[in-house]
Amino acid sequence: MIGAMTTRLIGLFVDDGFLAAAILAVVAVAALLASAAAAPWLAGLILALALPAALAASVALGARRARRET
Amino acid sequence: MANLTTVLSIAGASFAASFVEAVEALTIVLAVGVARGWRPALTGAAAAFAALALIVALLGPLIGAVPIRALQFAVGVLLLLFGLRWLRKAILRAIGVVALHDEDAAFQRQTRELTGAERGKERGLDFIAAATAFKAVLLEGTEVVFIVIAVGAARGLLGLASAGALAACIVVAAIGAAVHRPLARVPENALKFAVGVLLSAFGLFWTGESLGVEWPGGDAAILAFAALFLGVAAALVALLKPRLAKLA
């Protein structure tokens with residue numbers, strides 16, 4: 001049961017590896033911009049533009065995979 | 001002091017997300033009750049609630065000790081991972097790539113499995129049945145606990161988020177007790193769509209705030225981000241659904 005719970009807990013956050021990696025990469029770039037370049041507004045802009053783009057890319061990839069399988 | 005936008009969005013997100021999780025837990029508990037009796041179903045569910053209360057009691061004081069910026073960052077990133085995953089799945093369901101979640105089918109499957117499974121009765125309690133109910137409530141409940149912490153902790157509104165979650169659980173339990181059937185008519189994918197949008201918006205807002213971003217409009221930016229994610233999701237459905245339908 002503990003194994004199932006651990007798998008389920010990880011699965012809460014990571015389903016599509018591409019999406020999870022893209023989110024973490026976007027946050028890392030934003031954090032870097034906010035601290036190194038001292039430009040929090042730019043970090044905000046990156047988050048607001050890149051996260052919806054990551055979602056769109058992940059969904060498009062999922063749909064393409066499904067299309068190939070049919 | 002939290003404004004009305006914050007209060008409504010936190011309570012609403014917590015209620016809607018917990019409602020979906022409670023519906024899924026109810027389906028399993030009902031299946032256990034129908035297939036193996038109400039004693040193990042309710043015993044398993046009660047034991048899971050006790051375990052969840054213990055988790056909350058252990059985690060609660062720790063949250064207060066974490067600096068607010070670090071808490072906002074951790075919660076923001078986890079909400080982005082959690083919310084965008086939900087939203088992605090809801091979009092894929094809406095365009096027909098992933099099958100819609102069917103509570104009736106889940107109930108039938110679980111009932112069949114439990115009816116066929118060996119009875120593990122020892123000292124009068126059906127342990128296999130009780131463990132099934134325990135696991136379902138604990139797993140779905142863990143998600144509810146995470147959602148409550150994630151939407152409530154970063155603004156110090158854990159009580160409000162907890163009230164939203166508790167209200168959802170009470171509503172689902174009351175309906176379940178009254179109808180003794182899984183809540184198949186609940187538009188689960190539409191709810192998951194809305195919850196994914198809201199949690200992603202909270203995640204974006206808090207991640208930015210933890211990095212020092214001063215969002216225009218303050219907390220009202222959460223609604224703007226919700227509109228942004230909703231717009232992107234709706235556009236993806238409108239774009240991809242006809243293409244996939246042509247191939248089918």
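Modeller: Where pLDDT is low, predicted coordinates should not be read in detail. Chain B as a whole averages 86. Of its residues, 94% reach at least 70.

Chain A averages a pLDDT of 87, and 96% of its residues score at least 70. Within chain A, H2(A) has the highest mean, 94. H1(A) has the lowest, 74. For the model, ipTM is 0.90 and pTM is 0.83.

Now the pair you asked about. Helix H1 of chain B covers residues 4-36, and helix H2 of chain B covers residues 38-65. Two packed helices are described by the angle between their axes and the distance between the axes. Here the axes come within 7 Å. They cross at roughly 150°. Angles over 145 degrees count as roughly antiparallel, and H1(B) and H2(B) are therefore roughly antiparallel to each other.

Which residues make the contact of H1(B) with H2(B)? H1(B) brings Val29(B), Val32(B), Gly33(B) and Arg36(B). H2(B) answers with Trp38(B), Pro40(B), Ala41(B), Gly44(B) and Ala45(B). By class, this contact holds 6 nonpolar, 2 polar and 1 charged residue. The nonpolar class takes in Val, Trp, Pro and Ala. Gly33(B) and Gly44(B) fall in the polar class, since Gly is counted there. Arg36(B) belongs to the charged class, which includes Arg.

Next, the chain around that pair. Chain B contains 8 helices and 2 strands. Along the sequence they run α-α-α-α-β-β-α-α-α-α. Of the 248 residues, 49% count as buried. Contacts across the sequence matter to this picture: among contacts in chain B with a separation of 6 or more, 84% link residues 24 or more positions apart.

Chain A is built from 3 helices and 0 strands. Its order from the N terminus is α-α-α. The radius of gyration is 16 Å in chain A, whereas a compact globule of 70 residues would have one near 11 Å. The C-alpha box of chain A is roughly 45 × 35 × 15 Å, again along the principal axes. Of its 70 residues, 27% count as buried.

Last, the meeting of the two chains. In all, 33 residues of chain A contact 33 residues of chain B. On the chain A side, the elements giving two or more residues are helix H1 (2-13), helix H2 (17-35) and helix H3 (40-69). H3(A) gives the most, with 16 residues. That side of chain A has 25 nonpolar, 4 polar and 4 charged residues.

Methods
Residues are numbered from 1 along each chain as its sequence is written. Chains are lettered from A and ligands numbered from 1 in the order in which they are written. This is a predicted model: local features need pLDDT of at least 70, side-chain atom pairs count only at pLDDT 80 or more; totals for chains, interfaces and linings use all residues. pLDDT is the predictor's confidence in each residue, from 0 to 100. Two residues are in contact if their C-beta atoms, placed from the backbone, lie within 7 Å. Helices (H or I, at least four residues) and strands (E, at least two) are DSSP runs, numbered from the N terminus. Axes are lines fitted to C-alpha atoms, for helices over the stretch in contact, and angles run from 0 to 180 degrees between N-to-C directions. Angles under 35 degrees count as roughly parallel, over 145 as roughly antiparallel, 65 to 115 as roughly perpendicular and the rest as oblique. A residue is buried if 20 or more other C-beta atoms lie within 10 Å of its own, exposed if 12 or fewer, and partly exposed in between; C-beta atoms are placed from the backbone. The radius of gyration is taken over C-alpha atoms; the globule rule is 2.2 Å times the number of residues to the power 0.38.
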